[in-house]
Amino acid sequence: MLSNSLVELDRQHLIHPLASPRGHERSGVRVLASAKGATLTDGEGHRLLDGFAGLWCVNAGYGHESVVEAAAEQMRRLPYATGYFDMGSEPAIRLAAELAERAPGDLDHVYFTLGGSDAVDSTIRFIRYYNHARGTPQKDQFISLAQGFHGSSTAGAGLTALPGFHFGFGVPFDWQHKISSHYVYRNPVGQDPAAIIAASVAELRAKVEELGAERVAAFYAEPIQGSGGVLVPPAGWMKAMAEACREMDILFVADEVITAFGRTGPLFASEDEGIVPDFITVAKGLTSGYAPLGAVLMADHVYQAIADGAGEALIGHGYTYSGHPVSAAVGLAVLRLYEDGGLLENGRKAGARLMAGLHGLSDHPLVGDVRGRGMLAAIELVTDKAAKTPLPAAAEASRRIFDRAYRAGLIVRAFANGAIGFAPPLCCTPEEIDEMVARTLRVLDETL
Ligand code: PLP
């Protein structure tokens, strides 16, 4: 049982990420105490189906002994090794090689970070460096999508389009620009895939023309926009945007922090579209949340330009924990689970069942849209289906939905626009998926 003193200590001392301090002081903390498979147990002993894999990261599910053993063994043998001064550790080298082998095309070079925000931040630094190296330093403008999320570092938060991550922080908007999202359900050009793709490409071209192609360095997109409310582009959208970028000499960055490692089916969602971005950023599923780790996967032509430009000079970008050996050992063990352990395969089946189950809720009076791919999905709630009227005070409503789901024994993400997001662990059984859908229906009925 959870002691009151723990709640009080939390209230007094722990600053929570993405929280309202005063709101949190009032509500207090829900301590998560233990977990196995897809089930969490909180400090009060309540059992919860984790429909969100922690924070869309515990793709493998909880309690895999092989991962625990890999971490313990690495801690015993060598808990830390720097990558500085031309040193390194076996797990970091092996994980880099395994990622390069599996990544699309010539994404052969890997730079490790601690998570997704610093992976995105690292791409910004590398892209600036790349353009200096090849004699085009004036290419210093970056474009991303409305509703996009690319972390909350000082620079990367400007690529993020969610206003809550901007207000009060002095985000560097002078070199960061947005174009509209593909947001199929609410796209002003309608829902025809070809029209949406054409509109996005046209808007990208217009933005580049406005800024000057000689000034635009890169375009960032998530294969499926996660924190913006699980917005799935029409098939062919990523490919069309990647091709437009290549034509205009603009680097294309696929931010796969959520979508990689089986979330949409394959190891990288870029494979769904058969594209080879110039960079892919990953984190979350890379270690399945068992240890902090992110990575930048860099195309060979970018790497060669950077390396040639630097010559014998050091590239001044590095973290104490870049390629941390324990995190890398965890990453290797988790990769085994995805492939030899059959997790990717199970995730594909469970994802199909999840999508079918959620589509089964389409007739519910509150469900305006059901969307997703694989084990990444959302339902968007409305009060009038024909007019697509959002729930009144959607942010407040979404908080109540989260609370109701929690009471029903289900963790989901309730987005500020009234959408409910699902990203369950890939290990879910058919019964667990069905139960998640059944509990969601109970929450919807309570919300009516
Ligand atoms: N990029 C995307 C697409 C994300 O969804 C996230 C986090 O959810 C990030 C970057 C930031 O990752 P992190 O929270 O590990 O810093």
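**Chatting through the model**

Mentor: Let's open with F149, which is buried, having 24 other C-beta atoms within 10 Å. Keep in mind that this is a predicted model.

Trainee: OK, where does F149 lie?

Mentor: In the loop between β5 (141–145) and α7 (156–159).

Trainee: And what is F149 in contact with, leaving aside neighbours within four places in sequence?

Mentor: T160, L162, G226, S227 and G228.

Trainee: Is A244 buried or partly exposed?

Mentor: Partly exposed: it has 18 other C-beta atoms within 10 Å, and a residue needs 20 or more to be called buried.

Trainee: How far apart are A244 and A53?

Mentor: 34 Å in space, C-alpha to C-alpha, and 191 residues in sequence.

Trainee: Stepping back, how is the chain divided?

Mentor: Into domain 1 (31–63 + 342–447) and domain 2 (67–339). Taken over C-alpha atoms, their centres are 26 Å apart.

Trainee: How many residues are in contact across the two domains?

Mentor: On the domain 1 side there are 28, and they touch 22 residues of domain 2. α3 (53–56), α13 (343–359), β11 (367–373), β12 (376–384) and β16 (419–422) each supply at least two residues of that domain 1 side. The largest share comes from α13, with five residues.

Trainee: What classes do the residues on that domain 1 side fall into?

Mentor: They split into 14 nonpolar, eight polar and six charged.

Trainee: Got it. Now the largest nonpolar core: how many residues does it have?

Mentor: 127, and the ones with the most contacts inside it are F219, A295 and L297. Helix α12 (residues 325–339) gives the most to this core, nine residues.

Trainee: And where does this core lie relative to the domains?

Mentor: Between domain 1 and domain 2, because both of them give residues to it.

Trainee: You mentioned L297. What does L297 touch, apart from its close neighbours in sequence?

Mentor: Two groups if you read along the numbering: L99, A103, L107 and V110, then F279, I280 and V282.

Trainee: What about the chain as a whole?

Mentor: The average pLDDT is 96, and 99% of the residues score at least 70. The model also scores ipTM 0.99 and pTM 0.98.

Trainee: Changing topic: which residues come nearest to the ligand?

Mentor: G115, G116, S117, G151 and V257, out of 15 residues around it. Helix α6 (residues 116–133) supplies the largest share of that shell, three residues.

Trainee: How does the shell split by class?

Mentor: Five nonpolar, eight polar and two charged.

Trainee: Where are F261 and K388 found?

Mentor: F261 is in the loop between β8 (251–255) and α10 (270–273), while K388 is in the loop between β12 and β13 (389–390).

Trainee: And why does F261 count as buried?

Mentor: Because F261 has 29 C-beta neighbours inside 10 Å. K388 has 13 other C-beta atoms within 10 Å, so K388 is partly exposed.

Trainee: Last one: where is Y185, and what does it touch beyond its sequence neighbours?

Mentor: Y185 lies in the loop between β6 (176–179) and α8 (193–211). Its contacts are D369 and E380. G368 is 183 residues away from Y185 along the chain, yet their C-alpha atoms are separated by 8.7 Å. Y185 counts as partly exposed, with 17 C-beta neighbours inside 10 Å.

How values were computed. Residues are numbered from 1 along each chain as its sequence is written. This is a predicted model: local features need pLDDT of at least 70, side-chain atom pairs count only at pLDDT 80 or more; totals for chains, interfaces and linings use all residues. A nonpolar core is a set of buried Ala, Val, Leu, Ile, Met, Phe, Trp, Tyr and Cys residues joined through C-beta atoms within 7 Å. A residue is buried if 20 or more other C-beta atoms lie within 10 Å of its own, exposed if 12 or fewer, and partly exposed in between; C-beta atoms are placed from the backbone. Helices (H or I, at least four residues) and strands (E, at least two) are DSSP runs, numbered from the N terminus. Domain bounds come from an automatic or database domain assignment. Two residues are in contact if their C-beta atoms, placed from the backbone, lie within 7 Å. pLDDT is the predictor's confidence in each residue, from 0 to 100. A residue is near a molecule or strand if its C-beta atom, placed from the backbone, lies within 6 Å of it. Ala, Val, Leu, Ile, Met, Phe, Trp, Tyr, Cys and Pro count as nonpolar, Asp, Glu, Lys and Arg as charged, and the others, Gly among them, as polar.
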